[in-house]
Amino acid sequence: SATASAALSTPPGTLNFRPCAGTSSVYELDGSGAGFLDDLTTPNTQVALPGTSAAQQIAGSVGVWTISPLKTTLFTSGIVNAASLTADIAPGGIVSIFGAGLAGSSVTVNGEPASVLAALPFQINAQVPSDIPTGTATVAVTSGAGSATAQIAISSVAPEIFTLSSTQAAITNRDNALNTMSNPASRGAFIVIYGTGFGAVGSSGGLSPVQATLSVVIGGTSLTPAFAGLTPGAIGLYQANVALPATIPPGLALPLYLKQGNVTSAAVTVAVQ
(Lines give C-alpha, C1' and ligand atoms only; values in the text may rest on other atoms or scores of the structure.)
Protein backbone atom coordinates (compact mmCIF):
# COMPACT_ATOMS: atom_id res chain seq x y z
CA SER A 1 0.00 0.00 0.00
CA ALA A 2 1.11 3.56 -0.55
CA THR A 3 2.61 5.33 2.41
CA ALA A 4 3.75 8.54 0.80
CA SER A 5 3.15 10.99 -2.02
CA ALA A 6 5.23 13.82 -3.45
CA ALA A 7 3.54 17.09 -4.42
CA LEU A 8 5.67 19.09 -6.87
CA SER A 9 5.79 22.89 -6.75
CA THR A 10 5.89 23.03 -10.54
CA PRO A 11 3.63 21.34 -13.14
CA PRO A 12 2.34 18.69 -13.58
CA GLY A 13 1.26 19.13 -9.96
CA THR A 14 1.06 16.16 -7.60
CA LEU A 15 3.09 13.01 -8.17
CA ASN A 16 1.91 10.02 -6.16
CA PHE A 17 4.38 7.18 -5.83
CA ARG A 18 4.26 3.76 -4.20
CA PRO A 19 7.87 2.76 -3.55
CA CYS A 20 7.50 1.09 -0.18
CA ALA A 21 5.37 -0.07 2.68
CA GLY A 22 7.15 2.19 5.15
CA THR A 23 8.87 -0.76 6.79
CA SER A 24 12.41 -0.17 5.53
CA SER A 25 14.77 2.28 7.19
CA VAL A 26 16.17 3.81 3.99
CA TYR A 27 14.65 4.72 0.62
CA GLU A 28 16.08 6.49 -2.42
CA LEU A 29 14.49 9.38 -4.31
CA ASP A 30 15.69 10.31 -7.80
CA GLY A 31 14.19 13.50 -9.22
CA SER A 32 14.61 17.23 -9.53
CA GLY A 33 11.21 18.58 -8.47
CA ALA A 34 11.03 20.79 -5.40
CA GLY A 35 8.05 20.19 -3.15
CA PHE A 36 7.33 17.97 -0.21
CA LEU A 37 6.94 14.38 0.90
CA ASP A 38 3.54 13.72 2.48
CA ASP A 39 3.29 10.63 4.68
CA LEU A 40 -0.22 9.32 4.00
CA THR A 41 -0.26 7.23 7.17
CA THR A 42 0.23 10.25 9.44
CA PRO A 43 -1.93 13.33 8.70
CA ASN A 44 -0.10 16.65 8.29
CA THR A 45 3.32 14.98 8.26
CA GLN A 46 5.39 16.57 5.51
CA VAL A 47 9.09 16.72 4.65
CA ALA A 48 10.43 19.29 2.18
CA LEU A 49 12.04 17.99 -1.01
CA PRO A 50 15.27 19.84 -1.84
CA GLY A 51 14.64 20.23 -5.57
CA THR A 52 18.09 19.00 -6.56
CA SER A 53 18.91 16.74 -9.50
CA ALA A 54 21.12 14.59 -7.26
CA ALA A 55 19.69 11.42 -5.75
CA GLN A 56 18.39 11.85 -2.21
CA GLN A 57 18.10 9.48 0.73
CA ILE A 58 14.87 9.21 2.72
CA ALA A 59 15.47 7.69 6.12
CA GLY A 60 13.39 7.04 9.20
CA SER A 61 10.04 5.38 9.78
CA VAL A 62 6.33 6.07 9.43
CA GLY A 63 5.63 9.57 10.70
CA VAL A 64 9.30 10.53 11.10
CA TRP A 65 11.29 11.08 7.89
CA THR A 66 14.44 13.00 6.96
CA ILE A 67 15.83 13.71 3.49
CA SER A 68 19.56 14.05 2.87
CA PRO A 69 22.05 13.49 0.04
CA LEU A 70 22.24 9.82 -0.92
CA LYS A 71 25.05 7.85 0.70
CA THR A 72 26.08 4.23 0.35
CA THR A 73 24.40 2.27 3.13
CA LEU A 74 24.37 -1.44 3.95
CA PHE A 75 21.34 -2.83 5.74
CA THR A 76 21.87 -4.73 8.98
CA SER A 77 22.39 -8.44 8.18
CA GLY A 78 22.03 -7.41 4.54
CA ILE A 79 24.76 -9.64 3.05
CA VAL A 80 23.38 -13.11 2.38
CA ASN A 81 23.73 -16.26 0.31
CA ALA A 82 22.08 -15.36 -3.00
CA ALA A 83 20.25 -18.69 -3.25
CA SER A 84 18.90 -18.99 0.30
CA LEU A 85 18.99 -15.37 1.55
CA THR A 86 20.58 -16.69 4.75
CA ALA A 87 23.89 -15.80 6.39
CA ASP A 88 25.46 -19.08 5.16
CA ILE A 89 28.30 -17.94 2.88
CA ALA A 90 31.25 -19.84 1.41
CA PRO A 91 34.30 -18.90 -0.69
CA GLY A 92 33.48 -18.70 -4.40
CA GLY A 93 29.75 -18.37 -3.80
CA ILE A 94 27.36 -15.65 -4.88
CA VAL A 95 26.13 -13.21 -2.26
CA SER A 96 23.34 -10.64 -2.43
CA ILE A 97 24.14 -7.34 -0.73
CA PHE A 98 21.18 -5.15 0.26
CA GLY A 99 21.33 -1.47 1.07
CA ALA A 100 20.90 1.94 -0.55
CA GLY A 101 23.02 3.95 -2.96
CA LEU A 102 24.52 0.78 -4.41
CA ALA A 103 24.21 1.46 -8.15
CA GLY A 104 27.54 1.04 -9.95
CA SER A 105 29.28 -0.26 -6.84
CA SER A 106 32.57 -2.12 -6.58
CA VAL A 107 33.02 -4.71 -3.83
CA THR A 108 36.01 -6.09 -1.93
CA VAL A 109 36.22 -8.91 0.60
CA ASN A 110 39.16 -8.57 3.00
CA GLY A 111 40.55 -6.04 0.53
CA GLU A 112 40.36 -8.46 -2.41
CA PRO A 113 38.17 -7.41 -5.37
CA ALA A 114 34.97 -9.41 -5.76
CA SER A 115 33.40 -10.05 -9.16
CA VAL A 116 30.18 -8.02 -9.40
CA LEU A 117 27.37 -9.61 -11.39
CA ALA A 118 24.92 -6.74 -10.91
CA ALA A 119 24.91 -3.47 -8.96
CA LEU A 120 21.46 -1.92 -8.66
CA PRO A 121 20.38 0.95 -6.37
CA PHE A 122 19.30 -1.40 -3.56
CA GLN A 123 21.03 -4.70 -4.34
CA ILE A 124 24.38 -6.05 -5.47
CA ASN A 125 25.05 -9.62 -6.55
CA ALA A 126 28.74 -10.51 -6.29
CA GLN A 127 31.01 -13.51 -5.97
CA VAL A 128 33.06 -14.01 -2.82
CA PRO A 129 36.68 -14.54 -3.92
CA SER A 130 37.47 -18.26 -3.89
CA ASP A 131 40.58 -17.88 -1.71
CA ILE A 132 38.90 -16.05 1.20
CA PRO A 133 39.64 -18.06 4.39
CA THR A 134 36.95 -19.20 6.77
CA GLY A 135 36.10 -16.98 9.71
CA THR A 136 35.09 -13.33 9.88
CA ALA A 137 35.57 -11.30 6.70
CA THR A 138 35.12 -7.60 5.93
CA VAL A 139 32.99 -6.63 2.94
CA ALA A 140 33.53 -3.11 1.60
CA VAL A 141 31.17 -1.52 -0.93
CA THR A 142 32.10 1.65 -2.81
CA SER A 143 29.90 3.66 -5.19
CA GLY A 144 29.56 7.23 -6.35
CA ALA A 145 27.52 7.83 -3.20
CA GLY A 146 30.32 6.80 -0.82
CA SER A 147 31.43 3.60 0.86
CA ALA A 148 30.31 1.27 3.64
CA THR A 149 31.62 -1.89 5.28
CA ALA A 150 30.13 -4.88 7.07
CA GLN A 151 31.35 -8.10 8.65
CA ILE A 152 30.25 -11.54 7.46
CA ALA A 153 31.04 -15.10 8.55
CA ILE A 154 32.67 -17.36 5.96
CA SER A 155 32.14 -21.13 6.16
CA SER A 156 34.06 -23.70 4.13
CA VAL A 157 30.83 -24.78 2.40
CA ALA A 158 27.29 -23.41 2.32
CA PRO A 159 25.46 -25.38 -0.38
CA GLU A 160 22.13 -23.94 -1.51
CA ILE A 161 19.92 -24.50 -4.55
CA PHE A 162 18.64 -21.60 -6.61
CA THR A 163 14.88 -21.31 -7.01
CA LEU A 164 12.81 -19.50 -9.60
CA SER A 165 9.71 -19.35 -7.40
CA SER A 166 8.43 -20.84 -4.16
CA THR A 167 7.61 -24.06 -6.02
CA GLN A 168 10.19 -24.15 -8.82
CA ALA A 169 13.85 -25.06 -8.29
CA ALA A 170 16.60 -24.34 -10.80
CA ILE A 171 16.81 -27.96 -11.97
CA THR A 172 16.91 -29.03 -15.62
CA ASN A 173 16.41 -32.34 -17.37
CA ARG A 174 18.80 -33.82 -19.92
CA ASP A 175 17.09 -31.75 -22.65
CA ASN A 176 18.06 -28.57 -20.72
CA ALA A 177 14.39 -27.78 -20.10
CA LEU A 178 13.22 -26.99 -16.58
CA ASN A 179 12.22 -29.97 -14.48
CA THR A 180 8.56 -29.41 -13.65
CA MET A 181 5.50 -31.48 -12.79
CA SER A 182 4.50 -31.27 -16.45
CA ASN A 183 8.05 -32.07 -17.60
CA PRO A 184 9.38 -34.71 -15.17
CA ALA A 185 12.75 -36.41 -15.56
CA SER A 186 12.93 -40.04 -16.59
CA ARG A 187 14.47 -42.59 -14.28
CA GLY A 188 17.91 -43.51 -15.60
CA ALA A 189 18.40 -39.99 -17.00
CA PHE A 190 20.50 -37.11 -15.69
CA ILE A 191 19.27 -33.94 -14.05
CA VAL A 192 21.33 -30.80 -13.43
CA ILE A 193 20.89 -28.89 -10.15
CA TYR A 194 22.08 -25.27 -10.04
CA GLY A 195 23.18 -23.61 -6.82
CA THR A 196 25.95 -21.76 -5.07
CA GLY A 197 28.13 -22.03 -1.98
CA PHE A 198 29.68 -25.42 -2.79
CA GLY A 199 33.05 -24.07 -1.64
CA ALA A 200 36.59 -24.37 -2.96
CA VAL A 201 37.19 -26.06 -6.29
CA GLY A 202 40.08 -27.73 -8.04
CA SER A 203 40.92 -28.18 -11.72
CA SER A 204 40.39 -31.28 -13.82
CA GLY A 205 40.07 -31.59 -17.58
CA GLY A 206 39.14 -27.96 -18.00
CA LEU A 207 36.46 -28.19 -15.29
CA SER A 208 36.41 -26.93 -11.70
CA PRO A 209 35.11 -29.73 -9.43
CA VAL A 210 34.36 -29.12 -5.76
CA GLN A 211 36.94 -30.20 -3.20
CA ALA A 212 34.43 -31.09 -0.47
CA THR A 213 32.39 -34.15 -1.49
CA LEU A 214 28.81 -33.27 -2.35
CA SER A 215 25.84 -35.64 -2.28
CA VAL A 216 22.36 -35.22 -3.73
CA VAL A 217 19.58 -36.66 -1.59
CA ILE A 218 16.32 -37.39 -3.43
CA GLY A 219 13.39 -38.95 -1.62
CA GLY A 220 15.75 -40.17 1.08
CA THR A 221 18.18 -41.78 -1.40
CA SER A 222 21.72 -40.37 -1.32
CA LEU A 223 23.30 -40.10 -4.77
CA THR A 224 26.83 -39.23 -5.89
CA PRO A 225 26.89 -36.72 -8.77
CA ALA A 226 28.89 -37.48 -11.88
CA PHE A 227 30.06 -33.87 -11.59
CA ALA A 228 29.73 -31.17 -8.94
CA GLY A 229 31.51 -27.89 -9.40
CA LEU A 230 31.47 -24.48 -11.03
CA THR A 231 29.31 -24.09 -14.13
CA PRO A 232 31.69 -23.43 -17.05
CA GLY A 233 31.64 -19.78 -18.11
CA ALA A 234 29.55 -18.60 -15.14
CA ILE A 235 30.60 -16.56 -12.10
CA GLY A 236 29.90 -18.15 -8.74
CA LEU A 237 27.30 -20.54 -10.18
CA TYR A 238 27.73 -24.21 -9.30
CA GLN A 239 25.99 -27.29 -10.63
CA ALA A 240 25.55 -30.92 -9.72
CA ASN A 241 24.91 -33.44 -12.51
CA VAL A 242 23.33 -36.59 -11.12
CA ALA A 243 21.83 -39.70 -12.72
CA LEU A 244 18.47 -40.86 -11.41
CA PRO A 245 18.56 -44.57 -10.55
CA ALA A 246 16.06 -46.77 -12.35
CA THR A 247 14.97 -47.99 -8.92
CA ILE A 248 14.13 -44.58 -7.46
CA PRO A 249 10.41 -44.28 -6.64
CA PRO A 250 8.65 -41.91 -9.05
CA GLY A 251 6.89 -38.76 -7.86
CA LEU A 252 6.06 -35.28 -9.10
CA ALA A 253 7.29 -33.54 -5.93
CA LEU A 254 10.11 -35.64 -4.49
CA PRO A 255 12.13 -33.81 -1.82
CA LEU A 256 15.70 -33.01 -2.90
CA TYR A 257 18.55 -31.42 -0.99
CA LEU A 258 22.34 -31.20 -1.13
CA LYS A 259 24.78 -32.37 1.53
CA GLN A 260 28.46 -31.62 2.10
CA GLY A 261 29.80 -33.19 5.27
CA ASN A 262 27.30 -32.25 7.98
CA VAL A 263 26.02 -29.19 6.07
CA THR A 264 22.78 -29.48 4.13
CA SER A 265 20.90 -27.15 1.83
CA ALA A 266 17.26 -26.20 2.06
CA ALA A 267 15.04 -28.81 0.41
CA VAL A 268 13.32 -28.28 -2.94
CA THR A 269 11.27 -30.67 -5.05
CA VAL A 270 11.99 -32.56 -8.26
CA ALA A 271 9.63 -34.41 -10.60
CA VAL A 272 10.53 -37.96 -11.62
CA GLN A 273 8.43 -40.30 -13.74
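How many bridges join β10 to β11? The count is 3, and the two strands run antiparallel. Strands here are DSSP runs of E with at least two residues, numbered from the N terminus, and two strands pair if DSSP finds at least two bridges between them.

This is a predicted model, in which local features need pLDDT of at least 70 and side-chain atom pairs count only at pLDDT 80 or more, while totals for chains, interfaces and linings use all residues. Residues are numbered from 1 along each chain as its sequence is written, and side-chain values use heavy atoms, with hydrogens and water left out.

**Stop 1**

Select β10, residues 106-109, together with β11, residues 112-119. Thr108 has Pro113 as its bridge partner in β11. The hairpin has 2 residues between the strands. Now pick Asn110, in the loop between β10 and β11. Its phi is near 50°, a positive value in a residue other than glycine. Asn110 is partly exposed, because its relative accessibility is 40%; buried means under 20% relative accessible area, exposed over 50%, and partly exposed in between, with a 1.4 Å probe and protein chains only.

**Stop 1: the sheet around it**

Ser106 stands opposite Thr142 in β13. Then move to β11 and β12, which are antiparallel and joined by 4 bridges. A hairpin of 3 residues connects β11 to β12, and Val116 stands opposite Ala126 in β12.

**Stop 2: Gln127**

Stay on β12 (residues 123-127) and select Gln127. Is this residue buried or exposed? Gln127 counts as buried because its relative accessible area is 16%. A polar atom of its side chain lies 3.1 Å from the backbone oxygen of Gly92. A polar contact is a pair of N or O atoms within 3.5 Å; within protein, one must be able to donate a hydrogen and the other to accept it, and residues adjacent in sequence count only if both atoms are side-chain atoms. Not counting residues up to four places away in sequence, Gln127 touches Gly92, Gly93, Ile94, Ala114, Ser115, Leu117, Ile235 and Gly236, where contact means heavy atoms within 4.5 Å.

**Stop 4**

Select Phe198 and Tyr238. The structure holds 1 aromatic pair. The ring centres of Phe198 and Tyr238 are 4.9 Å apart and the planes are at 40°, so the pair is tilted. Rings of Phe, Tyr and Trp (its six-membered ring) pair if their centres lie within 6.5 Å; planes under 30 degrees apart count as stacked, over 60 as edge-to-face and the rest as tilted. Phe198 is in the loop between β17 and β18, Tyr238 is in strand β21, and the two are 40 residues apart. Both Phe198 and Tyr238 are buried.

Val201 also lies in the loop between β17 and β18. Val201 is partly exposed, with a relative accessible area of 24%. Leaving aside neighbours within four places in sequence, Val201 is in contact with Ser208, Pro209, Val210, Gln211, Leu230 and Tyr238.

**Stop 3: the nonpolar cores**

A nonpolar core is a set of buried Ala, Val, Leu, Ile, Met, Phe, Trp, Tyr and Cys residues joined through side-chain atoms within 4.5 Å. The largest one has 25 residues, of which Ile171, Ile191, Ile193, Val216, Ile218, Leu256 and Val270 touch the most other members. Two or more residues come from each of β17 (190-196), β18 (215-218), β20 (227-230), β21 (238-243), β22 (251-260) and β24 (268-272).

Centre on Ile171. Beyond neighbours within four places in sequence, its contacts include Ala177, Leu178, Ile191, Ile193, Leu256 and Val270. A second, separate core has 20 residues, among them Val109, Val128, Ile152 and Ile154.

**Stop 4: Asn176**

Finish at Asn176, in the loop between β16 (171-173) and β17. Asn176 has a positive phi near 70°. This residue counts as exposed, because its relative accessibility is 63%.
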